[in-house]
Each structure stands twice: as structure tokens, then as C-alpha cells.
Amino acid sequence: MTGLRAALLGNWRLKVMSLVFAAGLWAFVVTEERTDALFTVPLDFIDRPPGVEVTTVGVEAVVVRVEGRPSRLRRLHEEDFRAEVSLKGAQPGRFVARIDTENVSAPAGVQVVRVTPSEVRAVLEAR
């Protein structure tokens with residue numbers, strides 16, 4: 001029992017200082033403010049049916065508003081995001097699709113808050 005007590009109480013000042021330092025560091029990381037940033041992201045059409053081609057697109061890119069820690073947002077670029085609209089089941093003619101936060105993939109630690117515009121219009125033609 002004496003060996004355990006000596007191990008726990010030995011260098012107790014150093015152990016308390018380490019504990020205080022760790023708690024302070026944890027508090028700093030947890031309370032770091034979140035901020036937002038805007039990125040212009042090119043729009044990609046996926047799941048294109050065979051024999052259908054996109055000939056006219058209303059918007060080529062969307063503006064994505066994201067939230068995250070300032071240290072994380074400073075390291076990001078437009079290439080780190082991907083905005084996709086599925087053409088699955090689309091027929092030749094006019095095509096309108098909603099674009100929301102689910103259509104944008106973002107890096108870890110970043111949350112997509114808003115996408116502008118909220119819809120895309122395109123004209124599809126048979127090849």
C-alpha cells in the first residue's frame with residue numbers, strides 16, 4: 001500500500017500543475033468561437049441518364065456558406081467542396097432541381113449552412 005501511495009502523492013505539485021494546464025487547454029479548444037465563410041463552388045451534374053445531355057445551365061456555380069472554427073476555415077479552398085445535382089430519371093426538356101445543404105459535401109469539421117441559389121434550371125437534350 002505504501003508503494004501505491006508514494007506513486008500517487010510523489011511529485012504532487014507537478015501533477016497538479018499538469019492537470020491545471022490540461023484543463024486550461026481543453027477550455028480554450030472547446031470555447032473557440034465558430035465563424036462562417038463563403039465559398040463559390042462549381043456545380044456538378046451526376047447520374048446523367050444515357051442519351052441525355054445538358055445543353056444549357058442557369059448557374060455554373062453556387063455560393064456555399066459554411067460554419068466552423070476560424071483555424072479550420074482559413075485552410076480551406078473552393079476545391080475542398082463539391083456541389084452535386086442528380087439527373088437520375090431526368091428526361092429531355094426543361095429540368096429544375098432544388099439545391100440545399102445535402103447537395104454539398106464539405107471537409108470534416110465544417111458545417112454547410114446555406115446554398116445560394118436554392119435551385120438550378122437546365123435544358124436537357126437527347127443525343
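Predicted model: local features only at pLDDT ≥ 70, side-chain atom pairs only at ≥ 80, totals over all residues.

Trainee: Which residue after α1 has a positive phi?
Mentor: Look at what follows α1. The phi there is near 55°, and the residue is N11.

Trainee: Is V29 buried, partly exposed or exposed?
Mentor: First place V29: the residue sits in helix α2, residues 12-31. V29 has a relative accessible area of 40%, so the residue is partly exposed.

Trainee: What is the pattern along the sequence?
Mentor: Start with the count: the protein has 3 helices and 8 strands. Read in sequence, they give α-α-β-β-β-α-β-β-β-β-β.

Trainee: Why is one side of β2 and of β5 left without a neighbour in the sheet?
Mentor: The open sheet here has 3 strands, in the order β2-β8-β5, with antiparallel pairing. β2 (52-57) and β5 (93-98) stand at its edges, so each has a single partner strand. The twist from one strand to the next averages 40°. From the order, the strand between them is β8.

Trainee: Which residue is the bridge partner of E53 in β8?
Mentor: Strand β8 covers residues 119-126 and runs antiparallel to β2, joined by 5 bridges. Within β8, the partner of E53 is E125.

Trainee: Which are the edge strands of the sheet of 5 strands?
Mentor: That open sheet has mixed pairing and the order β6-β4-β1-β3-β7. An edge strand here pairs on one side only. That gives β6 (104-105) and β7 (110-116).

Trainee: Which residue in β7 stands opposite V66?
Mentor: Strand β3, residues 61-68, runs antiparallel to β7. The two are joined by 6 bridges. Opposite V66 stands V112.

Trainee: What is the radius of gyration of the protein?
Mentor: Take the spans along the principal axes: the C-alpha trace covers about 85 × 30 × 20 Å. Of the 127 residues, 24% count as buried. A compact globule of 127 residues would have a radius of gyration near 14 Å, but the protein has 25 Å.

Note on methods. Residues numbered from 1 in each chain as written. Heavy atoms only, no water. Pairing = 2+ DSSP bridges. Helix = DSSP H or I, 4+ residues; strand = E, 2+ residues; numbered from the N terminus. Axes fitted to C-alpha atoms, helices over the stretch in contact; angles between N-to-C directions. Buried < 20%, exposed > 50% of the residue type's maximum accessible area, 1.4 Å probe, protein only. Rg over C-alpha atoms; globule rule 2.2 N^0.38 Å.
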